[in-house]
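Let's walk through this one together, going from single residues out to the way the chains meet. Keep the viewer open as you read.

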There are 2 protein chains.
Amino acid sequence: MVDGTRTEHLATWAANLRYRDIPDDVVQKTKDFFLDTLGCAIAGRHHPAVNAMARFAVQMGPSNGKSELIDGALKFTTSPAFASLVNGASSHVVEQDDLHNRSIMHPATVIFPAALAVAQDLKSSGEEFITACVVGYEVGCRRFHSTATGGVIGVAAATAHLLKLNAEQTLSAIGTAGTQAAGLWQFLMDATHSKQVHTGKACFDGIFAAHSARDGLLGPRDILEGPKAMGVALVPGDTNPEAIDRNLGVDFEVSRSSFKWHASCRHTHPSVDALLNLMKKNNVGFDDIESVVTRTYQAALNVLGLSGRGETVHQSKFSMGFVLAIAAKKGQAMITDFTEEDLNDTALRDFQNRVTMELDADIDSAFPEKWQGTVIVTCRSGQKFTESVEFAKGDPELPLTREEIERKTRALAIYGGFDDSSKVDEIIKRAWNLEHERDLRGFVF
Amino acid sequence: MVDGTRTEHLATWAANLRYRDIPDDVVQKTKDFFLDTLGCAIAGRHHPAVNAMARFAVQMGPSNGKSELIDGALKFTTSPAFASLVNGASSHVVEQDDLHNRSIMHPATVIFPAALAVAQDLKSSGEEFITACVVGYEVGCRRFHSTATGGVIGVAAATAHLLKLNAEQTLSAIGTAGTQAAGLWQFLMDATHSKQVHTGKACFDGIFAAHSARDGLLGPRDILEGPKAMGVALVPGDTNPEAIDRNLGVDFEVSRSSFKWHASCRHTHPSVDALLNLMKKNNVGFDDIESVVTRTYQAALNVLGLSGRGETVHQSKFSMGFVLAIAAKKGQAMITDFTEEDLNDTALRDFQNRVTMELDADIDSAFPEKWQGTVIVTCRSGQKFTESVEFAKGDPELPLTREEIERKTRALAIYGGFDDSSKVDEIIKRAWNLEHERDLRGFVF
């Protein structure tokens with residue numbers, strides 16, 4: 001299929017990738033994100049949306065599967081489609097999972113839950129699992145700008161890889177995944193739970209796509225570029241189709257994904273970093289600040305404008321003003337820094353009202369290759385300071401160290417009420433030795 | 001919620017509808033479409049796409065559920081989500097299920113499989129089932145122009161009704177359904193199986209939405225009209241939002257749906273009827289015809305232009321030229337009239353090439369309230385004939401009689417290799433007495 005469409009080229013590459021073809025730094029980074037995602041799933045396992053989805057799995061799925069479901073209220077194993085439906089939700093709900101800069105998508109929260117559940121079902125090895133996850137990142141992040149829509153095709157490709165489908169079947173899996181692509185953002189306006197539905201369903205639907213492709217269900221052959229396909233329908237005006245299969249096997253999308261250090265929408269991170277740097281450098285305190293102007297890119301304005309003042313903890317993480325207020329007051333914006341009490345804190349709400357966002361043409365033109373931010377702080381004293389960051393903490397150019405990832409994982413586990421620290425030690429050890437694992441069960445159980 | 005959004009109004013109505021509120025003609029029509037859909041599911045149960053989806057249900061679902069799965073290769077009961085996943089596919093694949101004119105959607109193939117599977121699971125009565133199906137038609141057909149996207153919210157509403165959710169929970173179910181709405185039409189270009197994936201997944205996703213709403217998962221409150229919701233994203237430019245809750249309980253969408261008499265895309269039906277009338281009136285035979293011009297509406301041109309010459313039986317049903325060739329040669333276009341051999345019939349293919357479609361401004365402006373068609377036939381003798389139909393056979397204004405529905409059902413069952421005619425008699429009898437049923441199991445088993 002080398003002379004075929006870009007989608008055929010991508011599917012062929014995905015079917016044929018072998019562990020030995022993956023550079024070691026990509027393997028290591030994949031393990032970093034895997035552990036990072038497990039921590040997120042543990043942290044999110046008590047959320048009501050996760051619990052509701054787990055109850056659906058109990059009612060509609062089998063109770064004798066091999067895949068482990070990470071839910072706070074229930075502990076059971078089921079089929080991979082249902083385990084990943086729930087784990088895709090739990091790993092996304094605390095907003096601490098990774099972000100792939102160029103595609104503006106969260107790959108980890110869909111790729112790892114789906115590939116882990118399928119690998120547990122098939123008794124795949126650590127090497128096979130890593131390879132499937134790398135495939136999932138490649139297919140998911142190459143072009144589309146949404147966790148749900150890019151995610152479902154990434155999951156289909158990763159699952160197809162674990163099922164050892166050939167190129168033709170992989171193409172069908174990607175096609176059937178793409179035809180189900182969905183994920184409207186209306187939820188952000190009223191603080192409802194769809195964001196977790198999107199990731200969980202991307203897992204489920206992608207697993208469905210790959211399994212049904214194996215069993216003879218044909219998917220459209222050109223779901224990325226065809227005239228009635230994802231490109232035209234979901235990203236009208238996109239003029240970069242060559243990204244679909246450019247430098248396959250040379251550049252790896254895993255290397256372009258970013259950790260989230262702060263526990264808020266990733267679009268707030270450059271401004272948080274800039275503000276924290278500014279306050280430290282100039283010895284400015286929370287109470288000294290009269291107003292903040294953040295200069296950012298259009299995509300940030302689009303997303304951060306939707307959630308109003310933030311009526312819930314989750315929604316408040318999408319308010320630039322509130323996130324900067326938390327960071328300014330607490331000196332950081334980690335998962336434990338966003339609480340119910342903070343939502344009613346008058347000082348924080350006042351600060352929030354004194355933050356404005358402005359479009360910056362230079363920052364906008366560099367986006368999404370670079371996620372930059374500038375903040376301009378006016379103090380009550382009349383003093384004015386400006387600070388910019390070229391990269392946010394966690395960006396590919398400024399990644400977390402393994403020690404920081406371990407610290408973050410432990411914090412996430414505690415947040416999720418998972419107080420067995422020796423089990424967390426074991427999870428961390430297994431993650432760092434993932435390529436030597438022979439069976440991926442028991443990661444949380 | 002009476003003073004709320006249109007979506008809230010619709011959800012409140014859906015939650016509160018009772019069997020006694022439904023006019024008898026609507027009840028009778030609902031039973032007509034129910035039997036019609038069962039026949040379609042039996043006819044489609046051997047299709048490879050259906051079999052692949054059934055194997056997914058076997059692998060990922062439980063084997064001890066109460067809902068019956070209509071598949072040719074496997075006979076088992078499972079959870080309602082999986083039973084309807086498969087039955088939503090089998091009831092759509094032979095292209096004989098109903099068509100709701102104004103919304104251009106196929107409601108029966110999603111509403112009945114989902115509501116039947118849930119009703120079997122809950123042991124709902126015939127009256128409760130009919131009420132839920134009427135709710136499903138109302139919510140699904142009120143505005144959106146696609147079986148998959150309108151279907152999933154209809155299924156959510158029907159399921160919510162059977163689960164006896166209140167208005168607030170029903171609103172969540174509709175919201176969670178809508179945020180999953182998907183269904184790209186790329187499949188038509190290469191004769192792949194996505195059309196069945198769309199209907200089956202609409203069932204699954206809608207059942208998920210209603211169950212998770214019951215268990216506390218919040219869906220967006222204004223998924224139909226909100227600024228990041230279905231209206232803006234899926235039907236940009238639609239200026240008819242008041243249709244969402246107009247005349248609820250007065251006009252019923254069930255009454256506006258059409259049977260498919262011919263076994264082809266519904267957009268070909270007005271032309272087929274006009275051609276058959278013309279040939280009969282003027283004593284014109286297949287071999288007499290030099291060329292055919294069909295004058296139609298833009299939506300027909302959009303859909304029927306996608307499938308090329310039709311390389312498979314399914315795809316050939318979307319070619320106006322091929323469908324008219326079959327009708328002209330065989331005097332009808334029933335399910336048994338489309339065969340593999342016909343695809344290689346030179347006379348049919350030649351006829352196909354001599355059919356052209358033209359946009360007719362008057363017909364277009366009346367669409368989709370009226371599905372009209374005009375054909376102009378030029379004979380080899382030089383004679384020219386024109387014939388128009390205002391309604392196609394099966395339209396609300398020209399519905400099938402119960403005798404015709406029974407005939408169609410028996411033909412569909414034979415096509416599906418279901419040769420137990422006494423069981424078909426029983427199914428027909430049960431359908432006509434549906435409101436008196438106390439348990440909806442055993443309809444096909």
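Start with E95(A), whose side chain makes a polar contact of 2.8 Å with the side chain of K195(A). This is a predicted model, by the way, so treat every distance here as a property of the prediction. E95(A) sits in the loop between α4 and β3 (99–100) of chain A. Is E95(A) buried or exposed? With a relative accessibility of 1%, E95(A) counts as buried, because the cut-off for that label is anything under 20%. Who surrounds E95(A) once you set aside the neighbours within four places in sequence? Besides K195(A), the contacts are K260(A), H262(A), A263(A), S264(A), H314(A), K317(A) and F318(A).

Eleven of the eleven residues of α4(A) are buried, so the helix is largely enclosed by the rest of the structure. If you want to click through them, the buried residues run P80(A), A81(A), F82(A), A83(A), S84(A), L85(A), V86(A), N87(A), G88(A), A89(A) and S90(A). Hold on to α4(A), as it comes up again when we get to the other chain.

Next, have a look at K31(A), which you'll find in helix α2 (residues 24–43) of chain A. K31(A) has a relative accessibility of 1%, so this lysine counts as buried too. Its side chain is joined to that of Q28(A) by a polar contact of 3.0 Å. An α-helix has 3.6 residues a turn, so residues three or four places apart point the same way. Leaving aside neighbours within four places in sequence, K31(A) is in contact with I130(A), R402(A), A431(A), W432(A), N433(A), L434(A) and E435(A). For a sense of scale, the C-alpha atoms of K31(A) and D337(A) are separated by 27 Å, and the two residues lie 306 places apart along the chain.

A few backbone details are worth a stop. Which peptide bond in chain A is cis, with omega about 5 degrees? Go to the one joining F367(A) and P368(A). P368(A) lies in the loop between α16 (361–366) and β7 (373–379) of chain A. In chain B, the bond from F367(B) to P368(B) is cis as well, with omega near 5 degrees. There, P368(B) is in the loop between α18 (361–366) and β7 (373–379), so mind the helix numbering when you hop between chains.

Then there are positive phi angles away from glycine. K164(A) has a phi of about 60 degrees and sits in the loop between α7 (147–162) and α8 of chain A. With a relative accessible area of 60%, K164(A) is exposed. Over in chain B, N247(B) has a positive phi of about 55 degrees. N247(B) belongs to the loop between α11 (230–234) and β4 (257–258), and it is partly exposed at 39% relative accessible area.

Now zoom out to both chains. The same surface serves both copies, with 100% of the contact residues of chain A recurring in chain B.

What does that surface hold? The contact takes 56 residues from each of chain A and chain B. Together the chains bury about 4,500 Å², with 68% of it on carbon and sulfur atoms. On the chain A side, M60(A), L184(A) and K228(A) lose the most area to chain B, together 16% of what that side buries.

There's a polar side to the interface as well. Chain A and chain B share 20 residue pairs in polar contact, and four salt bridges cross between them. One of these joins D215(A) to R55(B), with the closest N and O atoms 3.9 Å apart. The elements of chain A that give two or more residues to its side are α3 (48–60), α4 (80–90), α8 (167–179), α9 (194–214) and α10 (230–234). The largest share, eleven residues, comes from α9(A). By type, the residues on that side divide into 29 nonpolar, 18 polar and nine charged.

Terms used. Residues numbered from 1 in each chain as written. Chains lettered and ligands numbered in written order. Predicted model: local features only at pLDDT ≥ 70, side-chain atom pairs only at ≥ 80, totals over all residues. Heavy atoms only, no water. Contact = heavy atoms within 4.5 Å. Buried area = accessible area lost by both parts, 1.4 Å probe. Salt bridge = Lys/Arg side-chain N within 4 Å of Asp/Glu carboxyl O. Polar contact = N/O pair within 3.5 Å; in protein donor to acceptor, adjacent residues only side chain to side chain. Helix = DSSP H or I, 4+ residues; strand = E, 2+ residues; numbered from the N terminus. Nonpolar A, V, L, I, M, F, W, Y, C, P; charged D, E, K, R; others polar. Buried < 20%, exposed > 50% of the residue type's maximum accessible area, 1.4 Å probe, protein only.
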